[in-house]
Amino acid sequence: MASKAVILVGGGTRGTRFRPLSLDVPKVLFPVAGRPILSHALSALSKVPTLKEVLLIGFFDDSVFKDFLADSAKEFPNFTIKYLREYRALGTAGGLYHFRDAILRGNPYRLFVIHADVCCSFPLNEMLEMFEEKEAKAVILGTRVDPEVASNFGCIVMDPHTKKVVHYVEKPQSHISNLINGGVYLFDRSIFDVIGAARSARAEQFRADPIDDEEAEILRLEQDILVRLAQADGFYVYETRGFWRQIKTAGSAVPANALYLQKLFQTDIYAPNLARASAFIVPPVYIDPTATVDPTAKLGPNVSVGPRAKIAAGARVKEAILLEDTEVKHDAFVLYSILARGVKVGAWARVEGSPITAVDHLAMTSKNGVRVQSVSILATDVAVGDEVRIQNCVVLPHKDIKVDVENEIIM
Ligand code: GTP
């Protein structure tokens, strides 16, 4: 029996915290560990034997995914991939409901729903096993975070013996649990009855209080659906011990890059484009075959180098993403930073952010009591002069930086 998957990709008005990197390319197509964020989820889905179709649902223009769909069709021949466009943002459950006929076509017996901005080990087959074993109606991926940050997420209270979800609250006011919603779900077709009921309830509520017709149509998986599921039987949580984080801010691409590179390195040390360890390479390091790296430049760990990038002699690059056509001149230093397309870093220059751990979910750091961006981000075509130092800054596209800057957003 066939199963299907939906990936919620959002649209141009979402993902604003990913700016300035999403000015050129939607967040879900931004490359981490050498491939678009979306490809990591597709790659995990390709290991589910029964999966026959993946639907990307969002409200981007159709043209945005044209090339991606063509490339993915070649890379993942085991299932078809289509993009379905909402006429406007319908919320994380509104799009599912709107496209229910397309989703249910072919009678899939299981439906994965994945938030596109999640970076994790995607234990999808394990979730399927739990689904069958518990004869569940829904399984949610759960992950533990520090209690201090838990209330930024959807929080799950589960029965520790049965793994049944007994309570779900989205971004609660006070602490209820540090087991949070990992943004990956598995449903059977009865989910559409639950969404239908939530939709009727919402329509009723807005009939009594008609503020905004558009708002009445929006349905959120978290607030409108999961809360209902938790009140009924058959809703379970699969708690992952693998890595997990969200990709919300632009800076969070750096730890996501590190996590996916480490996973690749651990599963296949000889994977294509992974550089071999040496005196100048500290793995994992991903280098596109069209990039030019001087043998005396030292790279790694956790570095991705994009197409046609050039890294000159004596440069040092660590914990960083360098996109296509970037250039790092001789003896420059790049650390905890992202260089977008066409960025040039001068000789002996330093571009640096602050260390950010895989479990630092807010990707911010505190300097002299002020919260600043941990990672330095240089947007498209920024040029950094020779010997200039950039520290914890976000630089908007096309700027020439000729003097040292620290803790600033440069527009
Ligand atoms: P917060 O995390 O709550 O600040 O908002 P967010 O939009 O960054 O994330 P949210 O948890 O609401 O969304 C989870 C995933 O669903 C993300 O990949 C979004 O791009 C996507 N998403 C959000 N709203 C919509 C929507 O209206 N339609 C579709 N198709 N996807 C959406």
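Reply: Buried means under 20% relative accessible area, and exposed means over 50%. Keep in mind that this is a predicted model.

Me: OK, Val375 then. Buried or exposed?
Reply: Val375 has a relative accessible area of 0%, so Val375 is buried.

Me: Where is Val375, and what does Val375 touch?
Reply: Val375 sits in the loop between strand S25 (370–373) and strand S26 (376–378). Not counting residues up to four places away in sequence, Val375 touches Gly251, Val254, Tyr336, Ser337, Ile338, Gly353, Ile356 and Cys393.

Me: How far is Val375 from Thr249?
Reply: Their C-alpha atoms are separated by 10.0 Å, while along the chain Val375 and Thr249 are 126 residues apart.

Me: Switching topic. Which domains does the protein have?
Reply: The domain assignment gives domain 1 (3–246) and domain 2 (282–410). The C-alpha centres of domain 1 and domain 2 lie 32 Å apart.

Me: How many residues does each domain put into the contact?
Reply: Domain 1 gives 15 residues and domain 2 gives 21 residues.

Me: And what area is buried between domain 1 and domain 2?
Reply: About 1300 Å², with 68% of that from carbon and sulfur atoms. On the domain 1 side, Pro20, Leu21 and Arg245 supply 39% of the area buried against domain 2, more than any other three residues.

Me: How many salt bridges cross that interface?
Reply: The rule finds 1 salt bridge between domain 1 and domain 2. As for Arg341, this residue forms a salt bridge with Asp24, and the closest N and O atoms are 2.8 Å apart. There are also 2 residue pairs in polar contact between domain 1 and domain 2, counting pairs with both residues at pLDDT 80 or more.

Me: Which elements give two or more residues to the domain 1 side?
Reply: Strand S2 (31–32) and strand S13 (244–246). By class, the side of domain 1 that touches domain 2 has 11 nonpolar, 2 polar and 2 charged residues.

Me: Why does Thr240 count as buried?
Reply: Because its relative accessibility is 7%, and the cut-off for buried is under 20%.

Me: Which residues is Thr240 in contact with?
Reply: Leaving aside neighbours within four places in sequence, Thr240 contacts Ser121, Pro123, Leu141, Gly142 and Thr143.

Terms used:
Residues are numbered from 1 along each chain as its sequence is written. This is a predicted model: local features need pLDDT of at least 70, side-chain atom pairs count only at pLDDT 80 or more; totals for chains, interfaces and linings use all residues. Side-chain values use heavy atoms; hydrogens and water are left out. Domain bounds come from an automatic or database domain assignment. Contact means heavy atoms within 4.5 Å. Buried area is the accessible area (1.4 Å probe) that two parts lose on being put together, summed over both. A salt bridge is a side-chain nitrogen of Lys or Arg within 4 Å of a carboxyl oxygen of Asp or Glu. A polar contact is a pair of N or O atoms within 3.5 Å; within protein, one must be able to donate a hydrogen and the other to accept it, and residues adjacent in sequence count only if both atoms are side-chain atoms. Helices (H or I, at least four residues) and strands (E, at least two) are DSSP runs, numbered from the N terminus. Ala, Val, Leu, Ile, Met, Phe, Trp, Tyr, Cys and Pro count as nonpolar, Asp, Glu, Lys and Arg as charged, and the others, Gly among them, as polar. Buried means under 20% relative accessible area, exposed over 50%, partly exposed in between (1.4 Å probe, protein chains only).
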